[in-house]
Amino acid sequence: QVQLVESGGGLVQAGGSLRLSCAASGDTTCISTMGWYRQAPGKERELVATITNAGYSTYYVDSVKGRFTISGNNAEHAVYLQMNSLKPEDTAVYYCNAEFAWVASRCNLYEFWGQGTQVTVSS
């Protein structure tokens with residue numbers, strides 16, 4: 001089992017910055033991808049950014065490209081989201097996510113979620 005704990009959320013003015021952190025604990029051996037999702041009130045959860053364990057390949061949703069940077073510590077399976085030039089539309093609860101790769105006799109396809117951290121961007 002993997003446990004994910006997010007931190008770093010808060011209230012910030014438009015144009016400001018926040019850095020979110022996600023600490024993974026437990027059996028992290030099979031983690032292949034970690035990422036950040038967000039969910040605004042009344043809206044569905046959306047993928048924000050991901051990073052792979054192998055090669056640190058990253059993905060960003062178009063709306064955050066050039067503003068957000070995802071990074072990680074491969075050895076410790078910690079992931080961070082540096083958020084710059086924040087906009088009010090970035091306001092949401094941000095959730096850390098970890099996915100297991102399937103490896104025969106080693107890893108099953110599991111997905112884990114943190115409880116979320118609130119990011120509020122004022123105008």
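Colleague: Which residues have the most contacts inside the largest nonpolar core?

Modeller: Those are L4, M34, W36, L81, M83 and Y94, in a core of 33 residues. Bear in mind that this is a predicted model. Strands β1, β3, β4, β5, β7, β8, β9 and β11 each supply at least two residues of this core, and β9 gives the largest share, with 5 residues.

Colleague: Why is R38 called buried?

Modeller: Its relative accessible area is 5%. Buried means under 20%, so R38 counts as buried. R38 is found in strand β4, residues 31-39.

Colleague: What makes R38 and D90 a polar contact?

Modeller: Their side chains are joined at 2.9 Å, and the cut-off is 3.5 Å between N or O atoms. The side chain of R38 makes another such contact with the side chain of Y94, again at 2.9 Å. Leaving aside neighbours within four places in sequence, R38 is also in contact with others, including E44, E46, F68 and V93.

Colleague: How do you know that C22 and C96 form a disulfide?

Modeller: Look at the sulfur atoms: S to S is 2.0 Å, and a disulfide needs them within 2.5 Å. The torsion about the S-S bond is about -85°, so this disulfide is left-handed. The pair links distant parts of the chain, with C22 in strand β3 and C96 in strand β9, 74 residues apart.

Colleague: Are C22 and C96 buried or exposed?

Modeller: C22 has a relative accessible area of 2%, so it is buried. C96 is at 0%, so C96 is buried as well.

Colleague: Why is Y56 called partly exposed?

Modeller: Its relative accessible area is 37%. Buried would be under 20% and exposed over 50%, so Y56 falls in between as partly exposed. Y56 sits in the loop between β5 and β6.

Colleague: What is the phi of Y56?

Modeller: Y56 has a positive phi of about 55°, although it is not a glycine. Most residues other than glycine have a negative phi. S85, in the loop between β8 and β9, has a positive phi too, about 50°.

Notes:
Residues are numbered from 1 along each chain as its sequence is written. This is a predicted model: local features need pLDDT of at least 70, side-chain atom pairs count only at pLDDT 80 or more; totals for chains, interfaces and linings use all residues. Side-chain values use heavy atoms; hydrogens and water are left out. Helices (H or I, at least four residues) and strands (E, at least two) are DSSP runs, numbered from the N terminus. Buried means under 20% relative accessible area, exposed over 50%, partly exposed in between (1.4 Å probe, protein chains only). A polar contact is a pair of N or O atoms within 3.5 Å; within protein, one must be able to donate a hydrogen and the other to accept it, and residues adjacent in sequence count only if both atoms are side-chain atoms. Contact means heavy atoms within 4.5 Å. A nonpolar core is a set of buried Ala, Val, Leu, Ile, Met, Phe, Trp, Tyr and Cys residues joined through side-chain atoms within 4.5 Å.
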